[in-house]
Amino acid sequence: MGKNLIMRRLLSLLFVLVFPITVLGASCRCQPNEPCWPNAQDWAGLAKQLTGKLVKPELPQATLKNKNPFFLESIPGGTQTQQWAGAWHAQPSEYAVVAENTADIAAAVNFAHEHNLRVVIKGTGHDYLGRSSAPNSLLIWTHKMRQIKFQPSFIPDGAPRNIKSVPAITVGAGTRWLDAYGVATTQHNQYVQGGGCTSVGAAGGFTQGGGFGSYSKKFGTGAAGVLQVEVVTAEGKTLIANQYQNPDLFWAIRGGGGGSFGVVSKMTLMTHNLPSYFGRVDGKITADNNEDYKKLIKEFLIFYRDNLNNEHWGEQVHFNPDNTLTLNMRSEGLSKSDMEKIWLPLKTWVDQSSKHYTMNTEIITIPPRQMWDYRFWEKHYPNLIVRNPEKGAPKEEFWWKGNSDEVYIYLYAHITRWIPIQLFSNGHIDQLTNAFYQASRLDTVSLHFNKGLAGASADAIKRGRETSTNPAVYDAAGLVIMAAGSNDQQKPDPVKVKKAQDNIKQAMQYITAITPNAGTYANESDYFQKNWQEDFWGVNYKRLLEIKQKYDPNGLFYCHHCVGSEYWNDSGMCHLKS
């Protein structure tokens, strides 16, 4: 090779490293097999800057531990979902910064920027779309950043003197909801709006992508409860964002998706007075035949519209192919007698048609302060929880048994859609009934009421509209989810996978046909979502993209179907020509 050619290639490489990707139009990030990849001395230099460690992530071995969400989040290469057929499979990053503080995050961001590396961010790894791992990348892993501080009188930085303080908790980037509930609720008699799964991260993609919990219709989305964030930008700067400082970044982070605008190192969340009760209604209604089942679906939808579409109720029902309707509903602020009265009309309807239906339900209430206290569940309802079996794990570390099938699942398909509340009206109820019935002939249809905010409290809607979450959620009664997968750690039968995928696609056509432009929830969506920008963020996408270009013009932070990802190839490695 001639000296002139070598010099031209060196100059070309220097140009790639110095000039922004947006200028180049079609440049790629550096990969391990290329000369630009950091050498051993470079990596050693990064390690010396850290309070935490620089490690080489590995995928978890095939053991029973893989069905333990706390184990999977405790290793940098672990992901809560094994993979998604035909979409992605977990591949560990080349290196991971085990961040212990904000300075560690900034060091990792600066290193990635300097060497033109692909960045991945992982807190707990609860992500269906494979965004917490990627080959040939540098992982910023925030698992150890789990400090929590309760603040009875919090005022955002830079706020005017006349601003009234509110109770809040500040959580580190790796905090799980079980940790947050333990401090806010068990210790301080307060409620913080979080997720249902105890092992989900409190400051990560859940909250930044919107975040729905069992009581969203009362307290709003997770994003709506954020008062302030500390965030490391693509330039390696640490900023405080709230409604008084960097308000555009604050708006974008609250609902615009995790890992898009920067790396959140701390998040302050408002807390609320606990309700007088938390409650559960669990059970099943079985119909004698198909015709009776269709009548049951309609009766339940009307019952929900007239009795449950309010701030007191959340969670889900399942319309199943075997003509059963499964109930997994949650309540706040209602005593057991209150709940029994509310459910009486449906029970009476079933009783009057006892030749056609059987109904078995259990109604319980939980002392609010003990809602996430392991000791209460161990004593009264041990069948509803699973304690972390890892040696040395804290005794209070548990997950709900109902979430066990989600742990380390191999997804075949996962498609979602918001259901507008208008479809519950008398003029549309037959159309909605038929859609659910026809879809349920093919696979289970889950309707998550707490993931739509029609019927929510005025306060929840007001605060939600101040975030970048898709406004379509305020007209949605709930979110339909149809999914299939396996927890087996063997490679699934391709024929079985294809059949499940085809059934769900066909079933969801009945739903999408009656919900044009309804949109869906970005955190729980189809990997192959078409028109995802509008479906995930609606009218907010244009502004989100402008903010993305302001704070991350070179696209350092990439993830699948995240704001600005349309300018990159599927691996996030090469910028596409505009």
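Two strands pair if DSSP finds at least two bridges between them; strands (E, at least two residues) and helices (H or I, at least four) are DSSP runs, numbered from the N terminus. The model here is a predicted one, in which local features need pLDDT of at least 70, side-chain atom pairs count only at pLDDT 80 or more, and totals for chains, interfaces and linings use all residues. Residues are numbered from 1 along each chain as its sequence is written, and side-chain values use heavy atoms, leaving out hydrogens and water.

**Exercise 1.** Work out the strand order of the four-stranded open sheet and find its edges.

*Solution.* Start with the order, which is S1-S4-S6-S5, with mixed pairing. Next, look at the ends: strand S1 (53–55) and strand S5 (118–122) each pair on one side only. Now zoom in on S1: three bridges join S1 to strand S4 (residues 95–98), and the two run antiparallel. Leu54 sits opposite Val97 in S4. Helix H5 (residues 102–115) lies across S4, S5 and S6.

**Exercise 2.** Find which strands stand at the edges of the nine-stranded sheet.

*Solution.* First write down the order: S3-S2-S19-S21-S20-S14-S15-S13-S16, an open sheet with mixed pairing. Strand S3 (88–89) and strand S16 (357–366) are the edges; each has a single partner strand, so one side of each is left without a neighbour in the sheet. Further in, strand S13 (residues 278–287) and strand S15 (residues 324–332) pair in the antiparallel sense over nine bridges. There, Asp282 stands opposite Asn328 in S15.

**Exercise 3.** Decide how helices H13 and H15 run: roughly parallel or roughly antiparallel?

*Solution.* Take the angle first: H13 (residues 429–440) and H15 (residues 494–513) pack at about 175 degrees, with their axes 8 Å apart. Axes are lines fitted to C-alpha atoms, for helices over the stretch in contact, and angles run from 0 to 180 degrees between N-to-C directions. Then apply the cut-offs: under 35 degrees is roughly parallel, over 145 roughly antiparallel, 65 to 115 roughly perpendicular and the rest oblique. H13 and H15 are therefore roughly antiparallel. As for who touches whom, Ala435, Phe436, Gln438 and Ala439 in H13 meet Ala507, Tyr510 and Ile511 in H15.

Note on methods. Contact = heavy atoms within 4.5 Å.
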